[in-house]
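I then turned to individual residues.

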Amino acid sequence: MIYTITLNPNIDYFLRLTKPARLGEINRAAREWMLPGGKGVNVSLVLSRLDAPTRALGFIAGESGEMFLSLLRTYRCPADFVRLPAGQTRINVKLEGENETAFNGKGPDLTPQALDTLLEKLAPVTSGDTLALNGNAPENLPDAFDRLSAFAVSRGANLVVDMSGAPLRRALAYHPFLIKPNAEELSELCGESVRSADDAARLACSLREGGVENVLVSLGADGSVLAAGDGCVYRAVSEGSFEIRSTVGAGDSMLAGFLAGFTCAQGYDTALRLAAAAGTATACCDALADASLIKSVLPHIRITRL
């Protein structure tokens with residue numbers, strides 16, 4: 001089972017504008033839609049579409065939290081969220097147009113007791129399971145990811161980390177099974193600019209030598225690089241002609257594709273191919289890609305060893 005943790009999930013309210021947004025004026029939308037959001041939630045949504053066993057966990061609050069759960073049920077995503085006594089699950093407004101613009105809500109405050117309840121829900125986690133930690137740590141509970149990381153290690157589960165900054169740096173001490181930085185996050189983590197796939201590969205290998213089993217680096221239009229646990233370095237690039245519509249959720253889809261491919265096939269090249277296809281497919285549509293679109297992209301992904 002692949003458990004995903006999203007401490008501060010959200011509802012994404014998308015507005016596709018008829019013209020560029022202007023502050024101080026009424027801006028009208030040509031189209032609008034709502035989706036359940038949050039990095040871990042996105043991972044579980046794509047995993048469920050790829051028929052990989054998953055469960056999304058985290059925290060919800062208020063009326064918007066109930067709406068969030070309703071959206072998850074609509075998309076048939078298995079979930080078990082802790083309800084907080086106060087606050088509202090955040091609603092993020094995403095403006096789609098010439099430029100992508102987002103207004104993100106704050107979300108409810110967490111408590112140590114709520115985190116204890118979440119850990120109780122994770123009681124079934126054991127060796128062979130995967131625990132994926134995604135997003136940002138709450139300001140009022142900065143050690144939340146540390147406690148969850150220590151829990152995963154104590155259970156012998158595969159720890160997957162997709163976050164940035166200090167939480168990512170601290171997570172390295174737990175020797176995660178996988179981290180998934182983008183080029184900017186990798187640069188920040190290693191203190192060195194990433195200007196090419198070769199730079200990404202070299203820095204990813206240094207992290208692997210430091211105790212991370214797998215380092216998957218997303219490079220946007222330049223594809224991705226994987227310093228894998230088998231000691232090899234793989235690169236994935238798309239050779240198809242695709243119209244990129246939105247980058248929202250593309251990195252989360254890439255992570256889901258890798259976990260689904262690795263869980264089913266236990267092969268790094270297969271996992272990376274599915275990761276690249278899932279990320280590309282989501283970038284080509286207005287929402288997270290479905291299985292049929294991901295599979296249609298697969299033949300256009302080329303995997304090489306560096």
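Strands here are DSSP runs of E of at least two residues, numbered from the N terminus. I note that the model is predicted.

I looked up the strand order and found an open sheet of 10 strands, 5-4-1-8-9-10-11-12-13-14, with mixed pairing. Strand 5 (82-83) and strand 14 (301-305) are the edges; each has a single partner strand, so one side of each lacks a neighbour in the sheet.

I checked strand 12 (residues 224-227) against strand 13 (residues 233-238) and found antiparallel pairing over four bridges. Ala227 has Val233 of strand 13 as its bridge partner.

I traced helix 1 (residues 39-49) across strand 1 (2-6), strand 4, strand 8 and strand 9 (158-162), at about 150 degrees to strand 1. Helix 3 (residues 112-121) also packs on the sheet, touching strand 1, strand 4 and strand 5, and makes about 165 degrees with the direction of strand 4.

I located Thr54 in strand 4 (residues 54-60). Thr54 counts as buried because its relative accessible area is 4%, under the 20% cut-off. Its side chain reaches the backbone oxygen of Ile2 at 2.9 Å. Beyond its neighbours within four places in sequence, Thr54 has contacts that include Met1, Thr4, Ser44 and Pro78.

I placed Leu131 in strand 8 (residues 130-134). Is Leu131 buried or exposed? I recorded 0% relative accessibility, so Leu131 is buried. Leaving aside neighbours within four places in sequence, its contacts include Tyr3, Ile5, Phe151 and Val160.

Conventions. Residues numbered from 1 in each chain as written. Predicted model: local features only at pLDDT ≥ 70, side-chain atom pairs only at ≥ 80, totals over all residues. Heavy atoms only, no water. Buried < 20%, exposed > 50% of the residue type's maximum accessible area, 1.4 Å probe, protein only. Contact = heavy atoms within 4.5 Å. Polar contact = N/O pair within 3.5 Å; in protein donor to acceptor, adjacent residues only side chain to side chain. Pairing = 2+ DSSP bridges. Axes fitted to C-alpha atoms, helices over the stretch in contact; angles between N-to-C directions.
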